[in-house]
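Dear colleague,

I am passing a structure on to you, together with some notes on what was found in it. Please keep it open beside this email while you read.

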Amino acid sequence: RVNATVTRLNLLRNKFTVAGAQMLVKAAQAKGEQIKTLIGIEEGQTSTGLRLVSEHLGDADAVLIAFDLSVNATVTSLDLSGDPFDSDPTHKIGAVGAEA
């Protein structure tokens, strides 16, 4: 019998509602430090920054990105250029980051 622990997920571009993404973040936060990423950041990827250019992201994705920024302190830059968010992503990222 194998007992595997999930620590990394990539849930971007799944067309969640913002409320659904917020529920996923709360569930990940309830796991403590077990969940390392909801947007698929690989170990070591953050040393040079995070590029999510033209990924066709929505508002719910901004919520997931905010979670990752709150748990991955090594992210020093974030490039979201070319992404047609439904609204201003910095508002959502900042709001979730403030809650973390």
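This is a predicted model: local features need pLDDT of at least 70, side-chain atom pairs count only at pLDDT 80 or more; totals for chains, interfaces and linings use all residues.

Of the 100 residues in the chain, 36% are buried.

Helices first. Two packed helices are described by the angle between their axes and the distance between the axes. For H1, which spans residues 18-30, and H2, which spans residues 59-71, the angle is about 15 degrees and the axes lie 8 Å apart. Because angles under 35 degrees count as roughly parallel, H1 and H2 are described as roughly parallel to each other. The crossing of H1 and H2 is right-handed.

Next comes the pocket. Rolling a probe the size of a water molecule over the atoms shows where empty space is left. In this model the largest pocket holds about 170 Å³ of space, and its lining is made up of 10 residues, with Arg13, Lys15, His56, Gly58 and Asp61 lying nearest the centre.

Most residues other than glycine have a negative phi. Lys15, however, which is found in the segment before H1, has a positive phi near 60 degrees without being a glycine. His56, in the loop between S1 and H2, is likewise not a glycine and has a positive phi of about 60 degrees.

Are Lys15 and His56 buried or exposed? A residue counts as exposed when its relative accessible area is over 50%, so Lys15, at 80%, is exposed, and His56, with 63%, is exposed as well.

Finally, there is Glu43, which you will find in the loop between helix H1 and strand S1, the strand formed by residues 50-51. Glu43 has a relative accessible area of 69%, and because this is over the 50% cut-off, Glu43 too is exposed. How far apart are Glu43 and Arg8 in sequence and in space? They are separated by 35 residues along the sequence, while their C-alpha atoms are 9.7 Å apart in space.

With best wishes

Definitions and conventions: Residues are numbered from 1 along each chain as its sequence is written. Side-chain values use heavy atoms; hydrogens and water are left out. On a 1 Å grid over the protein atoms alone, a cavity is a set of points where a 1.4 Å probe fits but cannot get out, and a pocket is an open set with protein on both sides within 12 Å along at least five of seven lines; lining residues have an atom within 4 Å of a point. Grid points are joined across faces, edges and corners, and a volume is the space filled by probe spheres set on the points. Helices (H or I, at least four residues) and strands (E, at least two) are DSSP runs, numbered from the N terminus. Buried means under 20% relative accessible area, exposed over 50%, partly exposed in between (1.4 Å probe, protein chains only). Axes are lines fitted to C-alpha atoms, for helices over the stretch in contact, and angles run from 0 to 180 degrees between N-to-C directions. Angles under 35 degrees count as roughly parallel, over 145 as roughly antiparallel, 65 to 115 as roughly perpendicular and the rest as oblique. A crossing is left-handed if the near helix is turned anticlockwise from the far one by less than a right angle, and right-handed if clockwise.
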